[in-house]
Amino acid sequence: MARVITEVSTAAAALRRGELVAFATETVYGLGGVALWPDTVARIFEVKGRPTFDPLIVHVPDLSAAQKLVTKIPPLAAQLASRFWPGPLTLVMEKATQVPDLVTSGLPSVAIRIPSHPVALRLLREVGLPVAAPSANLFGRVSPTTAAHVQDQLGDRIEWILDGGPCAVGVESTVLNIPENGCPTLLRPGGVSLEEIEALIGPINQPAEIALTQVESSPVAQLAPGSLPQHYAPLTSITVSDLAAPPSPGRWGVLAFRDCPHADQYAAVEVLSPDGNLTQAAAGLFAAMRRLDSQGLDGILTERFPEEGLGRAINDRLRRAAFRG
Ligand code: TXA
Ligand code: MG
């Protein structure tokens, strides 16, 4: 089992020795290792069972650390950074040579984020080196939003978990590609909503909305190798539908937004936000998926959330969780 700790200095020292540390961020827990050391980065891929064509996000504590990882910060990126960093936004920019190719899966660009969780920020400052961190789950599975979730899936594969409590945002960061010239592209909806981004910089490209069946062969798949159609999946099959009744006999679970009108027909019911608050729903999403997944159900039924604010990120994760290729 991994050791669950709260001392940032212990975690920072472990990272500097080349060990892996799972740590809290405001979005989900990350599986961290020093991004500049290829051996360490290779272990991140190995521990997660992640294909090396899917690049990692590099985490830094401030803009000057970010600057060292890219050829330049385009003006639009600077504008976004000053509004949303630290926070749940990842910017993809042209990489500097010092970023190992393994981190970016050979792409000429690198994904960078300054997280806002105070524990993550203190850790990054103490390490003093950029930290590559994918979500701390097995590849393709549900992301962890508590230290216990990390322990469940990766506890026998890593040494340390830096506990910072449950993640407040609950879905991963928004990933935006920022070309040197031209319009940014939304590669993954996440913790900063499209509305907030467009209010600041105007309309952006959203090929993330293309049908999932097209995703693998589409240009965005090359731009965002992580946008695989099946992802975020519980082991129990999940269906996006209406919640009128279980689709077949058996023990079904429900993952509902505000309420579940026929709750008595289901073996397990999770309601994410009785008040209809999408931010609250996102914060509880992955934990609810895990609870349902642990009950040996025949299937999980969920609904389409409003396609606005954090609802876009929730729908994206649910579509991928439901996808059976
Ligand atoms: O909230 C988050 O972003 C969390 C926390 C730990 O920071 N991290 C996270 O990492 O979700 P991961 O590895 O699960 O997702 C990273 C996403 C993937 O879809 C990957 O393909 C994309 O970012 N990505 C990374 N580098 C990229 C690059 N150079 N170009 C395009 N997409 C990139
Ligand atoms: Mg992930």
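Biologist: R50 and D54: how do you know whether they are buried or exposed?

Modeller: Both come out buried, meaning under 20% relative accessible area, with exposed over 50% and partly exposed in between (1.4 Å probe, protein chains only). This is a predicted model, where local features need pLDDT of at least 70, side-chain atom pairs need 80 or more, and totals for chains, interfaces and linings use all residues. Side-chain values use heavy atoms, without hydrogens or water, residues count from 1 along each chain as written, and chains are lettered from A and ligands numbered from 1 in written order.

Biologist: What makes R50 and D54 a salt bridge?

Modeller: Their closest N and O atoms sit 3.2 Å apart, and the rule wants a Lys or Arg side-chain nitrogen within 4 Å of an Asp or Glu carboxyl oxygen. R304 and E307 pass too, at 3.7 Å.

Biologist: Why is R304 called exposed?

Modeller: R304 has 52% relative accessibility, so it counts as exposed. E307 has 29%, so it's partly exposed.

Biologist: How many residues apart are R320 and D316 in helix α11?

Modeller: Four, so about one helical turn separates them in α11, residues 311-322. Helices are DSSP runs (H or I, at least four residues), numbered from the N terminus. The R320–D316 salt bridge spans 2.7 Å, N to O. R320 is at 6% relative accessibility, so it counts as buried, and D316 is buried at 2%.

How values were computed:
Helix = DSSP H or I, 4+ residues; strand = E, 2+ residues; numbered from the N terminus.
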